[in-house]
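Let's take a friendly look at how two chains meet. Please have the sequence and the 3D view open as you read.

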Amino acid sequence: MLTYIVRRLLLSVVVLFLVTILSFAIIQIIPGDPAAMMLGTEASPEQIADLRHELYLDRPVVVQYWYWVSHAVQGDLGKSLKYQESITKVIAERMPVTLNLTIMSLLLSVVLGIAAGIICAVRRGSTVDSIVTVLANLGIAVPTFWLGILGIYFFGLKMGWLPIQGYVSPFEDFWLSVRKCIMPVICMAIPSIAVLARQTRSSMLDVIRQDYIRTAWSKGLKERSIILNHALKNALIPIVTLLGLQLRLVVGGSVVVETVFNIAGMGRLIVSSTFSRDFVAIQAVTLIIAIVVLFANLLVDISYGWLDPRIRYS
Amino acid sequence: MNQIKAEQNIQADTVPKISEFRRSMRVMFGRKVVLLGVILIFAFIFIAACAPFISPLDPYEQNLENSLKAPSLANLLGTDAFGRDTLSRLFYGARISLLVGIVAVSMASVIGILLGLVASYYGGWLDNIIMRIIDTLMALPPIVLVLAIAAALGGGIINIMISIGVGMIPSYCRLTYGQVQSLKENDYILAERVVGSSGTRIMFNHLLPNAFPPLIVLITLNMGSAILMEATLSFIGIGILPPTAAWGSMINDGQRFLLTNPVLSFAPGVAILLVVLAFNLVGDGLRDALDPRLRGTL
């Protein structure tokens, strides 16, 4: 198990290195002069030259990269052009917001998705199964931003049940925070709930047909124990794989949801940086998001090795 | 003589000889939901292709006296803030979605499949370099990657197609890679090598056709994803710029008038939902029809 973890860790380090190159490369693929593009059309040649110097754009590429990475390692990702302060500080303010939304959505989708999938597999062909299957198909296809707008219209404007925008930290005002998070979290979770429900249903159906499940039945075990202890644990492997792939999609969902519900998180930050061509911010945000995703995937990989001993030893 | 014929008949009865293609087709179209998906896709393509002929009004003609009207006989889905006909804009928006979908998916599939083939067939350092680059692209959520590329290249339809395409390359590369990894161990590939076939010949005449069924499923599913991604970008305001009618930007425009005219935001969302759903249903149908493990049960 230890060698498996170490190997995964080393692979992540390699990818992390490549991610820094990718984030760094964003500024390199800009057609023309990035400094001129960031400052807009009104900038004087002196201003552009100053910015070029400040961003090390007047040095060779390798020096630029080294300068950027060596500062990034120390937590200095540069100064945001839009906010005129350290981008690390801006990210530190917004990170908890997105993490909170993402973790809640992931929990919700894991619990609801797997539960719905199990019920469908166990009661295959029933009305519940058909309803969940239809809902899952719709959940995968629905544009989340549109779902958010439907929610704002019905539950916010028409019914007046829920606040339609903004975010409050749960440590400030717990209930207001919960009320404000309900719609964004559900919107972010719906595609994953749908995908996980489908995967759980099909892998549970595969497992339920196996001989050892029949043995468990004939031993006289209770249905609950057979489904949860014998079937689910074996059906979990493809579900965990899928969860690893879904992770980054849920994080990506925050971009859309934060825009719809006007929440000042990482997603909104990357959108506004795109608009203001704040490449320092875009580089920093992509790097941080990639690190979070890599770390989460590492956890998924490790749990994968724990679930399936064959993976550890291959 | 007659006896032989009779025997042949018996054999024909016991082993029904349906071609693989016809069996797949029967599995696919035998299900009502898949058929529904196919019909929806054809309707979508028809609307996109014939938008200028079937649109009741000019999608760009402004009529400020007639703004934000509720659905009526003159404007079946009402009008937007500039008095433009929502239904006509919806029809024209289908063109953007279809175009972006086709171009982005073609680009991603060609590049991704080639990279996957080369990485898996040749292996070694080439494999390592290509697959680590793919891992890197997969460390970012597609939308973040697409936004970063779109930010660097600028908005507009061409750049949007490129960035969505780049965002989808990893899935093709990964899938082709996995397929070829298991296919290349087969004896017929070894036989080809013994005969002295070139790598290109083996890759394109033998590996690619055998790896194709799951790829065609991915292509179908990705048409839906690309359309969804384009709508998302246009909604955020990065993608297709006004006044061009795109479904995502129509939802964004309508958002400000939710209480006065909710149809403005609702209608394009339904259109996106139906089109993406259609591609997903057909993709799932294809998956079941082409899956060799299900042969005999379906």
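At what angle do α11(A) and helix α6 (residues 142-153) of chain B pack, and how far apart are their axes? The angle is about 15 degrees and the axes are 9 Å apart, with axes being lines fitted to C-alpha atoms over the stretch in contact and angles running from 0 to 180 degrees between N-to-C directions. Helices here are DSSP runs (H or I, at least four residues), numbered from the N terminus. Because angles under 35 degrees count as roughly parallel, α11(A) is roughly parallel to α6(B).

This is a predicted model, in which local features need pLDDT of at least 70, side-chain atom pairs count only at pLDDT 80 or more, and totals for chains, interfaces and linings use all residues. Residues are numbered from 1 along each chain as its sequence is written, while chains are lettered from A and ligands numbered from 1 in the order in which they are written.

| α11(A) | A:Ile270, A:Val271 and A:Thr274 |
| α6(B) | B:Val144, B:Leu147, B:Ala150 and B:Ala151 |

B:Leu147 touches A:Ile270, A:Val271, A:Thr274 and B:Ile238, not counting residues up to four places away in sequence.

Terms used
Helix = DSSP H or I, 4+ residues; strand = E, 2+ residues; numbered from the N terminus. Parallel < 35°, antiparallel > 145°, perpendicular 65-115°, else oblique. Contact = placed C-beta atoms within 7 Å.
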